Amino acid sequence: MEYTELADYPLPAGKLTEWVPAVASEAWREDPRGISFTHEDHCSRGNDGSWIGTVFEIHRRYDVEVMRRTIGAYIARHEAFRTRVERDDRTGAWRRYSVEADAVTVDDRAESSSWSESQVFEHLESWFADVVSPTTWPHFVLATVVPEPHVAASVPQQDKFLVAFAADHSVMDAYSQIYAINEFDRLYAHVLDGAEHGLPEVGSYVDFSAAERELGESLTADHDAVLAWDRFLAAEDGRFPAFPLPLRAENSSAPTDLATRQSSVSSWLLTTEQVEVFNAKCRAAGQNMQAGILAALALVNSRLTGNGTFRTIMPMHTRYAEKWAASVGWYVGILPMEIRLDDAATFAEAIERADVGATEYKGLAAMPYSKIASLMSSTEIPRFVVSYIDLRFLPDGEEWQERKGRALRSECHAEDEVYFWINRTLQGLNISARFPSSDVSTTNVHRFITEFVSVVTAVIEEPTETLDSAVAAVGAGRE
């Protein structure tokens, strides 16, 4: 499973149809359940045109009414899609409004002619950016593309079509994006031919948000979570950690363009077999693979900068109850991460330091950072973020490749942000990244990733029984 922009996906030519949820204005009812502090901050910052989504194929016969009912069933299962927020002009407070599932209809807008691959891309890229907003409903829109029938007798015709959707981040996270592939396919099959979908009951993200709101309201400036974040950020004068290598030329006199579009890359780093060996080495050292990934990143930082302390921000899911596991919503907190290699001379020692760093702030991800930031009077946002997710056990994961499934993000404009998404899948280890579009940042991000592969590969090739002596292999010593 890769996480990329729509421009990197091989869209087909064919008949495109837009699918848009609709609700009569009188059906909306004010909802007393509070919105999460993360959601409130997202709306207040203004993120129109920024979206996340998913693209994949359904390998079944395309039917317009079946698709309409499938989308309706998906929206009915997830209350996040049936709620909106509106700012009170007088108080500035955000108010929630919700509707029942039966108040939602789904409109289809089909193009009359077939479009080329480039026309499909240009339309979806523009449409998603124009309609998705944290303050305008619907927060979720979808398109289908039915490929043109094959005319050559030698080419077999298949029953399949493409699904691509975009949603505002306030109602969706990475797990929601990926769960959708399995869920849509099963719901479609259920409507099409009555097959049991076998999907679990899910909780409401709106309920989760209300509970998180209550938790945030209980925080005060002297709470341990606030003090911990304050100490962590103080190391860089109140700012979040920066990517450890330069992102622009030193002493550059060129003006800074805050609207610079970011570049992106997606690459498969390790095969399934290599990942299994690396995981076994991590286990042999008494830790898990997440700690191994962090240790390798810290060693790369040490090699390239001479700094034995690696600092970043790590997103963590907040799906702490079973009812949230497959629920659509923004179940994400952030965790400060500081790994001090100190005198670590082997990978076994480095991974132990990584585990200490990963557990030092354990529990902070459950505390809404947006509320903590307001208590610290901080408006800073993360600059260097590393995400690690193990996706092997998500439903129907073995079919993602065949269905050409991919998680999507919209294009991003930022001057100094670097994001790494490292995913373990049934196909191996993948990294997706976004970073400023400049020669310096491109060179250094690729250099960092290349060195990361070098460190991990060295560990893989080191005999387990001599892992403690892998000094030369991993280069733990700082230059």
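## The sheet

Two strands count as paired if DSSP finds at least two bridges between them. With that in hand, let's look at this predicted model. Strand β2 (residues 14–23) and β7 run antiparallel, joined by seven bridges. Pick out Thr 17: its bridge partner in β7 is Ala 110.

Zoom out and you'll find an open sheet of seven strands, ordered β1-β14-β4-β9-β8-β2-β7, with mixed pairing. At the edges sit β1 (3–4) and β7 (104–110), each pairing on one side only. Helix α4 (residues 174–193) packs on the sheet, and its direction makes about 40° with that of β4.

## The nonpolar cores

Now for the inside. The largest nonpolar core has 121 residues, and Phe 140, Trp 229, Phe 420 and Leu 429 touch the most other members. Helix α8 (residues 289–305) gives the most to this core, with 11 residues.

Leaving aside neighbours within four places in sequence, Phe 140 is in contact with residues including Pro 21, Ile 71 and Phe 184. There's also a second, separate core of 20 residues, with Trp 127 among them.

## Salt bridges

The structure holds 36 salt bridges. In one of them, the side chains of Arg 303 and Glu 451 meet at 2.4 Å, N to O. Arg 303 lies in helix α8 and Glu 451 in helix α11 (residues 439–461), so this pair ties together parts that are 148 residues apart in sequence. Both Arg 303 and Glu 451 are buried.

What about Arg 248 and Glu 415? Their side chains meet in a salt bridge too (3.0 Å, N to O). Here Arg 248 is partly exposed, at 39% relative accessible area, and Glu 415 is also partly exposed, at 21%.

Technical notes. Residues numbered from 1 in each chain as written. Predicted model: local features only at pLDDT ≥ 70, side-chain atom pairs only at ≥ 80, totals over all residues. Heavy atoms only, no water. Core = buried A, V, L, I, M, F, W, Y, C linked by side-chain atoms within 4.5 Å. Buried < 20%, exposed > 50% of the residue type's maximum accessible area, 1.4 Å probe, protein only. Helix = DSSP H or I, 4+ residues; strand = E, 2+ residues; numbered from the N terminus. Contact = heavy atoms within 4.5 Å. Axes fitted to C-alpha atoms, helices over the stretch in contact; angles between N-to-C directions. Salt bridge = Lys/Arg side-chain N within 4 Å of Asp/Glu carboxyl O.
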